[in-house]
Amino acid sequence: MLEEIVTWLSSNFDLPAIKERPAVEFASRMKLATMRAGDGALSEGLTNHDELNQPGQRQVVALYNDKSKTILLPDDWTGTSPADQSILVHEMVHHLQNLGKLTFECPRAREKSAYLAQDEWLGRFGMSLEHEFDVDMFTVLISSACMF
Ligand SMILES: [Zn+2]
């Protein structure tokens, strides 16, 4: 599964085809949310980074830790649905960004390609980010802009 995603990402997006796998761990959604909150808005994006983190906008679904190269998935993740797989796709983008030492203007800028890849993956199944996760591309673009 991971190899398939890396191959797909590197051939469709400007990402390196690095074969080093991330560690994958599972945690409850509660724990994920706590970890996300613990990371705090001040250190946004430094270690456990994820997502459009406007309060209340949506639940944390997964995290990627740059230091330990670990993808944290919710324990109800099964990987059988395109939506589940797309979460892994999103986090794999962060893994490749991390390993490839890609640089970004600001931490949140990394979300743009992660969400684009996620949306594209869903699109292969006739689904979309907006439909499955209630995240529209306009929000993604605004939220990943380095404005402040
Ligand atoms: Zn992300």
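Which residues touch the most other members of the largest nonpolar core? They are Leu9, Leu88 and Met92, out of 28 residues in that core. The model is predicted.

- Helix 3 supplies the largest share, 7 residues.
- In soluble globular proteins, nonpolar side chains tend to be buried together.

**Contacts of Met92**

- Neighbours within four places in sequence are left aside here.
- Leu9, like Met92, is listed among the core residues that touch the most other members.

**Disulfide**

- The count comes to 1 disulfide.
- Cys106 and Cys146 form this bond, with their sulfur atoms 2.1 Å apart.
- The pair links distant parts of the chain, 40 residues apart.
- Cys106 lies in the loop between helix 3 (82-99) and helix 4 (110-123).
- Cys146 lies in the segment after helix 6 (137-143).
- The torsion about the S-S bond is about -85°, so the disulfide is left-handed.

- Cys106 has a relative accessible area of 12%. Buried means under 20%, so Cys106 is buried.
- Cys146 has a relative accessible area of 27%. That value falls between the 20% and 50% cut-offs, so Cys146 is partly exposed.

Methods:
Residues are numbered from 1 along each chain as its sequence is written. This is a predicted model: local features need pLDDT of at least 70, side-chain atom pairs count only at pLDDT 80 or more; totals for chains, interfaces and linings use all residues. Side-chain values use heavy atoms; hydrogens and water are left out. A disulfide is a pair of cysteine sulfur atoms within 2.5 Å. Helices (H or I, at least four residues) and strands (E, at least two) are DSSP runs, numbered from the N terminus. Buried means under 20% relative accessible area, exposed over 50%, partly exposed in between (1.4 Å probe, protein chains only). A nonpolar core is a set of buried Ala, Val, Leu, Ile, Met, Phe, Trp, Tyr and Cys residues joined through side-chain atoms within 4.5 Å. Contact means heavy atoms within 4.5 Å.
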